[in-house]
Amino acid sequence: MAFMGKTKGFVFLASIAVLAFAIGCGSEEPETGGTTTGGGATQMVAAKDVEDVLLQHCMPCHAGAEAKEKLNLETVAGLLKGSEHGAMVVPGDAANSVVVHALHGTNGKKKMPPAQGKPLTDAQIKLIEDWINAGAKPS
Ligand code: HEC
């Protein structure tokens, strides 16, 4: 019995350590620089232009109470809010943004829009990537 008690105590302490570590990681501030360094190909993009693309190509399925994955794409604010699975945009980092994975159909994400939707041109995809890389400003 004494042995069991010690084991439990150790497991308890170990969980605390893991928890403290997780909290420590979570509090790290992501870098949200307004500009990107290197490449030089990033254009400044107005949030309004991104919104126009979302309205034309995404809104049919991502709007209102029936929005797929609870991801509302009627506005840029909705995109920044994310889906029921969390954030879709990492400001300053398009390559790690779920919405960009969805636009390319990479990282296990279903390609957006799906076959029945209106596909984006490469320029429209780049527009969204540039907007994210420039800090994903809401307006
Ligand atoms: C024809 C309907 C339709 C259109 C149009 C559409 N989507 Fe989707 N979207 C879906 C469905 C359905 C899912 C769930 C996919 C699955 O099975 O994982 C989804 C999922 C997503 C996800 C993943 C959400 C998550 O929580 O993982 C993202 C991001 C996304 N869509 C972005 C877009 C963007 C951006 C556009 C416009 C360029 C768009 N979608 C257009 C139907 C649509």
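## Ligand shell, helix packing and core

Of the 23 residues around the ligand, those that come nearest are Cys58, Cys61, Ser83, Met112 and Gly117, where a residue counts as near a molecule if its C-beta atom, placed from the backbone, lies within 6 Å of it. This is a predicted model, in which local features need pLDDT of at least 70 and side-chain atom pairs count only at pLDDT 80 or more, while totals for chains, interfaces and linings use all residues. Residues are numbered from 1 along each chain as its sequence is written.

**Ligand shell**

- By class, the shell around the ligand holds 14 nonpolar, 6 polar and 3 charged residues; Ala, Val, Leu, Ile, Met, Phe, Trp, Tyr, Cys and Pro count as nonpolar, Asp, Glu, Lys and Arg as charged, and the others, Gly among them, as polar.
- With 4 residues, helix H4 (residues 98-104) gives the most to this shell; helices are DSSP runs (H or I, at least four residues), numbered from the N terminus.
- Met112, one of the residues that come nearest to the ligand, is joined to proline 113 by a cis peptide bond with omega of about -10°, and proline 113 is found in the loop between H4 and H5.

**Helix H2**

- Val50, Glu51, Val53, Leu54 and His57 are the buried residues of helix H2 (residues 47-57), a residue being buried if 20 or more other C-beta atoms lie within 10 Å of its own, exposed if 12 or fewer, and partly exposed in between, with C-beta atoms placed from the backbone.
- Seen down the axis of H2, these buried residues fall within an arc of 160°, so they line one face of the helix; the arc is that of the directions from the helix axis to the C-beta atoms.
- An α-helix has 3.6 residues a turn, so residues three or four places apart point the same way.
- The face turned away from the buried side of H2 carries the exposed residues Lys48 and Gln56, whereas the buried residues of H2 pack against helix H3 (76-81) and helix H5 (122-133), two residues being in contact if their C-beta atoms, placed from the backbone, lie within 7 Å.

**Helix H5 and the segment after it**

- H5 has 12 residues and reaches 16 Å from its first C-alpha to its last, close to the 16 Å expected at 1.5 Å a residue, where the expected span is 1.5 Å times one less than the number of residues.
- Ile128, Glu129, Trp131, Ile132 and Asn133 are buried in H5, and the buried residues of H5 pack against H2 and H4.
- Just after H5, glycine 135 takes a positive phi of about 110°, and alanine 136, in the segment after H5, has a phi near 50°, a positive value in a residue other than glycine.
- Alanine 136 is buried, with 24 other C-beta atoms within 10 Å, and touches Leu80, Val89, Pro91 and Trp131, not counting residues up to four places away in sequence.

**Nonpolar core**

- The largest nonpolar core has 20 residues, and those with the most contacts inside it are Leu79, Val99 and Ile132; such a core is a set of buried Ala, Val, Leu, Ile, Met, Phe, Trp, Tyr and Cys residues joined through C-beta atoms within 7 Å.
- H2, H3, H4 and H5 each supply at least two residues of this core, and its largest share, 4 residues, comes from H4.
- Valine 99 touches Leu79, Met88 and Val89, not counting residues up to four places away in sequence.
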